[in-house]
Amino acid sequence: MSDSFNKAELNQFLAQQALKSQKKHLNNKFKRWFKALLIPVIFLVGCEFLVRNGYVDAYLLPAPSSLWQSFLDLAHSDLFTHIYISTWRVLVGFIAGSGLGLIFAIWVGLSKEAEAYLEPTFSAIKSIPSLAWIPLLLLWLGIDEGSKIILIAIGAFFPTYTNTVAAIHNVDRKLIEVGKVYRLNTFQRIISIILPAASPGILTGLRNSLSLSWMFMIAAELIAATQGIGYLLSDGRETSRPDIVIIAIILLALLGKVTDTLMKLLENWLLRWRDTLQK
């Protein structure tokens, strides 16, 4: 009888602890969302107040409440086509640029000869601003998709390349020695030791490459495009429609945040083996 009573008390205690843990998790989640949305909400309310009370002219900064109707008008026309085109350009350019960056980075990181030949050239090219590439790409490739995707690929190349080379150089030499003790060949050491040890730096470079891909996409579409979010920015400027410009900027922020969050989730999943500090 006493054992049954103790078991019942234990089960009740565990249920209470589980409920407390669940409530704490929900409270922490609510607090994170509250902190994340606080500054945007204050900014929107402040803009609404300034425009509605005449402190700022509506033709310069439309009231946030009026943007919804403009968004609906765009959504009923070709807004989602612009979003699709821009996202497609970013993904293709990101995959091409970061893929090449990863290949060259592994080569340079593992070969002193390759580093001696390639590193000075890549360091010089990395310093060239994105807008400087546009006239040359337009001369070579015209205003078709090729010039835009290559420009995005250039932007995605260098963060992946730089971070991967640094990550490979920072791999603990003792791990390489362990691979030699176990008689792993060069390819096996790269796959089993070097890339896993360097993966945090590689994934950081990929996240940075994805962010820069959105920036280079805008640079490409502002100059030569008839579709895309960058084209919306340019069209809003030429037609004196600040509401379209602001909607395009908000879309860029949201798309950039969504893709970065997806990359972060992928990074956390791939690096789930790490024992790191959790905030």
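Modeller: Arg-89 and Glu-221 form a salt bridge (a side-chain nitrogen of Lys or Arg within 4 Å of a carboxyl oxygen of Asp or Glu), and their closest N and O atoms are 2.5 Å apart. This pair joins distant parts of the chain, with Arg-89 in helix α3 and Glu-221 in helix α8 (residues 186–223), 132 residues apart; helices here are DSSP runs of H or I with at least four residues, numbered from the N terminus. The model is a predicted one, in which local features need pLDDT of at least 70 and side-chain atom pairs count only at pLDDT 80 or more, while totals for chains, interfaces and linings use all residues. Residues are numbered from 1 along each chain as its sequence is written, and side-chain values use heavy atoms, with hydrogens and water left out.

Arg-89 also forms a salt bridge with Glu-145, where the closest N and O atoms are 2.8 Å apart. Here too the partners lie in distant parts of the chain, since Glu-145 belongs to helix α6 (residues 145–169) and Arg-89 to helix α3 (residues 79–110), 56 residues apart.

Arg-89 counts as buried because its relative accessibility is 3%, whereas Glu-145, at 30%, counts as partly exposed.

Definitions and conventions:
Helix = DSSP H or I, 4+ residues; strand = E, 2+ residues; numbered from the N terminus. Buried < 20%, exposed > 50% of the residue type's maximum accessible area, 1.4 Å probe, protein only.
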